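Hi there,

Here is the structure I promised to pass on. Please have a look at it first, and my notes follow below.

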Amino acid sequence: MQKIKSSLSLTIFAGILSILPAKAADKILLTYGPLGFSLPVASLEAYAKNGTVDSDLSFYLNNLSSKDRETFKEVLTKKIPLDPVMTSRFLNSAIGERFMSNIGSLMTIEGNINGKYAIRGAIVQAAFEPQGFTLLGFFKKFPTNIQFQGEKLLGFSKGVSLITQATDLLVDKMHQWTADESSLVKPPVDFAAMPDLRRPGKYQFTKEIWQLNDSARNRQLYVILYKPIVTTEQKIPVIVFSHGFASKPEDFQGQAQHAASYGFLVALPQHPGSDYQYAKDTLEGYHRNTFDVNEFINRPLDLSYVLDELGRRNQSQFAGKLNLDSVGAFGHSFGGYTVFALAGARIDFDYLSEQCSKDYGMFDNALLLECRALELPRKDYNFRDKRVVAVMALNPVNRAIYGEKGINEVNIPVLIGSGSYDPATPPIFEQIKTFTWLKEPIKYLVLAEGQAHVDFSKMDAGLTSAVESMANVKLPDPADLHNYFYALSTAFSQVYLSQNKDYLPYLNASYAQYLSKGDKFKLGFISAASSEKLSQQIESFKAANNIQR
């Protein structure tokens, strides 16, 4: 667990790490209280070029094995493909600026001044070099002496260690509580003799794409619809699905097709101010930031507008069959924020401001997105849509922006999905607290071991193998993860949208055990019955580790 978190963090840092005047750093400094150590950059360059270990460098390398020395040389000279222009644009965005500020608190310039601007300039200049970005090139392009804050680095290391411990403990406890809840099911359910919800349902479906224009907001978007072919007069339940930041509706067509095969109409709207195209345009120089801050407002309004449009077309295109009084809202990541808003969650600006100013904020990457909401006018935003009667949020971004007070406003059934390898919305920061804060008695928390926020296999054919190679771990089969959530979302939708209680046995810890039986990566599943245990475990861990928050 610790290896993959460290490797993913290094990968993100290398891929994300204005140009400043080109005076090279002479020394790398390490300070710890009154103590100070230094190393000339020239010593690193000589070692990288021909293996020379001078008197300055020998102090640091004497205790390393020959293998570790060779690894160190490789780290200094490893070429990392960074587009300098796109990297510069990202690092100058609001998210990039906050990320650089976090790094700059650990790596300062002399005088203990945050090094974010110097770091950004050195990264971009090093990326412009013919050989591409290297760590040695970064040190050589640094415009002044680099000062590593030893005490803060040790604090950072301790923080990473605590996060790893907490996540591992969470996984273990989820196994235990899943088993505890499963043992209460009497008599045991024979899921092998029941319909397999991982497989498609009985309905055929069609696909349509609508181009919509909300004239009230001057907002154009498209929506992909999957329509089940229902020949009876039965009502058709509706699900709206909100994609994540820098994503697109097409990324969730598999989920939509599966739901449509069980008789649900699924609408997948585009969020044009925070989708893949907007982020891509930012890197190409068309926008200042990777998403429009007004997306915190527009995203929930997009879903409500789509429901309005379905209502307008219900008679003419659906023969009045759509059930728009009992809608499900599902979302991933930023989409998790979106569907919680429709469920009634309110932005708590005071809590968000407090969280965004904490030193430990650098450990929760979700804050890079959430803290931008502080740019909004401070008022009471209420996006509750009474047509929405249940929400499912996968890897949601929502803890800091809503806080306990905002989450307490939700009073409809909720299923929260999380992943133990998620570096973007770490479960111990985001989903776990959200689950314990929910006062709604019908709530479920699902923890998929090894799930890492996104499906790497869909992003790049070689990305999964690259991550596995760097982290020295094996990621779960994406098909297994999809099947877990396809099955559970089907049961959740049938019970709380279609009011079909025959599916209640599936919404149980014993079904999660059945789904992941024999798999290396297990599926944890708890209900409100285990919520207090989870809260107590959080407090116990904080007390044991002297965590004062």
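A word on terms before anything else: a residue is called buried under 20% relative accessible area, exposed over 50%, and partly exposed in between, with a 1.4 Å probe and protein chains only. Please keep in mind that this is a predicted model, in which local features need pLDDT of at least 70 and side-chain atom pairs count only at pLDDT 80 or more, while totals for chains, interfaces and linings use all residues. Residues are numbered from 1 along each chain as its sequence is written, and side-chain values use heavy atoms, with hydrogens and water left out.

Overall picture

Of the 549 residues, 56% are buried.

The surface

One nonpolar patch on the surface is formed by Leu 30, Tyr 32, Leu 35, Phe 37, Phe 59, Tyr 60 and Leu 154, with about 680 Å² of accessible area together. Patch residues have over 30% relative accessible area and no salt bridge; like charges are joined within 9 Å, and nonpolar side chains (Val, Leu, Ile, Met, Phe, Trp, Tyr) within 5 Å. Strand 1 (27–32), strand 2 (35–40) and helix 3 (55–61) each supply at least two residues of this patch, and Leu 35 has its place in strand 2.

Salt bridges

The whole structure holds 24 salt bridges, each being a side-chain nitrogen of Lys or Arg within 4 Å of a carboxyl oxygen of Asp or Glu. In one of them, the closest N and O atoms of Asp 302 and Arg 217 are 2.9 Å apart. This pair links distant parts of the chain, 85 residues apart: Asp 302 lies in helix 12 (residues 295–318), and Arg 217 in the loop between strand 5 (205–214) and strand 6 (219–228). Asp 302 is buried, at 0% relative accessible area.

Lys 280 pairs with Glu 284 in another salt bridge, with 2.8 Å between the closest N and O atoms. Both ends are partly exposed: Lys 280 at 32% and Glu 284 at 30%. Asp 385 and Arg 387 also form a salt bridge, again with 2.8 Å between the closest N and O atoms. Here Asp 385 is buried at 6%, whereas Arg 387 is partly exposed at 22%. Salt bridges that share partners also join Asp 214, Arg 217, Arg 219, Glu 295 and Asp 302 into one network.

Backbone details

Most residues other than glycine have a negative phi, and most peptide bonds are trans. A cis peptide bond joins Lys 186 and Pro 187, with omega about -5°. Ala 246 has a positive phi, near 60°, and is partly exposed at 29%. Phi of Ala 319 is also positive, near 55°, and Ala 319 is exposed at 54%.

Best wishes

Notes. Accessible areas come from the Shrake-Rupley method with a 1.4 Å probe; for residues, only the protein chains shown count as cover. Helices (H or I, at least four residues) and strands (E, at least two) are DSSP runs, numbered from the N terminus.
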